[in-house]
Amino acid sequence: LAYDPIQKVIAVGSKSGDIRLYGKPGVETYVCHEEGRAIKHLFFSVNEGALVSVTVDDCLHLWNLRQRAPQVVQSLLFKRESLCVCKLPLFTKWIYLGTEKGNIFVVNLETFDLSGYQIMWNQTIPKSQKVHPGPVTALEEHPVDPSKLLIGYENGRLVIWDLKSKEVIKSYCSDRPLSCVYWMSDVKQFISGHIEGSLAIWNFNTTRVEEKPVKSFKPHEFHKEASSPQPCNLITKVMWLSTKTDPVLIFNGGVPGPN
């Protein structure tokens, strides 16, 4: 599922390779990948009339939506490693690709070529540590400072990476496997979702001290019909949104029971 908040367009991808685009009431477009491969990731280049789809074979497709019948204008088969996370920050031309080996690669949206810029997993951990952090599970650009990238790994490690100086400026450590992250609107904190159904809130600062979460909780740990804490499944998506009154926490998953 992808959304362009300026053009007010929703794109829905399916396992059969279909993409449906929904705009104003009554406006709907249907397109399909030629070989019908399942869609793994889907995101807009916001307000640019472009959509990027990533299929299960790790092939990136750039769709031109400005014409009457949307068509693929560029494709790039990523062969290096299996893709886990894809992120195109607002109003940039750089697509960040996080892999199962813990590395991050960058694609230029305009040329659809692979950039030489890379973030290897061993650049994000202290030299004294040799433990692999696992696959990249989350990538989020700092909402105010686009030179800062929040990277999350499956083993619970989070880092703030400075894209200009090419170094980690802040590290965080969770004892719970990580599944997703989201910056809060005041940019002073961010929230993370975890595989065993918990959420954690972290302070953002640039001190070199490795931080622990300021708050951690399981929203559905105590089921109304259970007398004790219940095992919960993973949080797949989390958002923290501001409103005119109180902020709203939105998340998917984390309910008691098996996945």
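Mentor: One thing before you start. This is a predicted model.

Trainee: Okay. How many aromatic pairs does the structure hold?
Mentor: There are 6 aromatic pairs. Take Trp183 and Phe190. Their ring centres are 5.5 Å apart and their planes sit at 65°, so the pair is edge-to-face.

Trainee: Why does 65° make that pair edge-to-face?
Mentor: Because planes over 60 degrees apart count as edge-to-face, and the planes of Trp183 and Phe190 are at 65°.

Trainee: Are those two buried or exposed?
Mentor: Trp183 and Phe190 are both buried. For Trp183, the relative accessible area is 5%.

Trainee: And how do the rings of Trp183 and Phe204 pair?
Mentor: Edge-to-face, since their planes are at 85°. The centres of Trp183 and Phe204 are 5.3 Å apart.

Trainee: Where do Trp183 and Phe204 lie?
Mentor: Trp183 is in strand β17, residues 178–183. Phe204 is in the loop between β19 (199–203) and β20 (215–217). So the pair ties together parts that are 21 residues apart in sequence.

Trainee: Which residues do the ring pairs link into a cluster?
Mentor: Tyr172, Trp183, Phe190, Trp202 and Phe204.

Trainee: What sits over the ring of Tyr172?
Mentor: The charged end of Lys170, 5.8 Å from the ring centre. Look at Phe217 too. Lys215 lies over the face of Phe217, at 5.2 Å from the ring centre.

Trainee: New topic. How much space lies in the largest pocket?
Mentor: About 1,600 Å³. The lining has 46 residues. Nearest the centre of this pocket are Cys86, Lys87, Leu139, Glu140 and Lys237.

Trainee: Which elements give two or more residues to that lining?
Mentor: β1 (2–4), β5 (39–45), β9 (83–87), β13 (136–141), β17 and β21 (235–241).

Trainee: How does the lining of the largest pocket divide?
Mentor: Into 32 nonpolar, 8 polar and 6 charged residues.

Trainee: What about the second largest pocket? What is its volume?
Mentor: About 450 Å³. It is lined by 20 residues, and Gln7, Val9, Leu21, Val27 and Leu65 are the closest to its centre. The lining of the second largest pocket divides into 8 nonpolar, 6 polar and 6 charged residues.

Trainee: Now the core. How many residues does the largest nonpolar core have?
Mentor: It has 17. Ile95, Leu97 and Phe112 have the most contacts inside it.

Trainee: Which strands supply at least two residues each?
Mentor: β6, β7 (59–64), β9, β10 (94–99) and β11 (104–108). Of these, β6 gives the most to this core, with 3 residues.

Trainee: Where are Asn47 and Val187 found?
Mentor: Both are in loops. Asn47 is between β5 and β6 (50–55). Val187 is between β17 and β18 (189–194).

Trainee: Is Val187 buried or exposed?
Mentor: Buried, at 9% relative accessibility. Asn47 is partly exposed, with a relative accessible area of 30%.

Trainee: Last topic, distances. How far apart in space are Val12 and Thr243?
Mentor: 26 Å, C-alpha to C-alpha. In sequence they are 231 residues apart. Val12 is in strand β2, residues 9–13. Its relative accessible area is 35%, so Val12 is partly exposed.

Trainee: One more. Is Gly17 buried or exposed?
Mentor: Buried, at 0% relative accessibility. Gly17 is in the loop between β2 and β3 (18–22). Its C-alpha atom is 8.2 Å from that of Glu34, which is 17 residues away along the chain.

Note on methods. Residues numbered from 1 in each chain as written. Predicted model: local features only at pLDDT ≥ 70, side-chain atom pairs only at ≥ 80, totals over all residues. Heavy atoms only, no water. Phe/Tyr/Trp six-rings, centres within 6.5 Å; stacked < 30°, edge-to-face > 60°. Buried < 20%, exposed > 50% of the residue type's maximum accessible area, 1.4 Å probe, protein only. Helix = DSSP H or I, 4+ residues; strand = E, 2+ residues; numbered from the N terminus. Lys NZ or Arg CZ within 6 Å of the ring centre and 35° of its normal. 1 Å grid on protein atoms, 1.4 Å probe; cavity = no way out; pocket = protein on both sides within 12 Å on 5 of 7 lines; lining within 4 Å. Points joined across faces, edges and corners; volume = space filled by probe spheres on them. Nonpolar A, V, L, I, M, F, W, Y, C, P; charged D, E, K, R; others polar. Core = buried A, V, L, I, M, F, W, Y, C linked by side-chain atoms within 4.5 Å.
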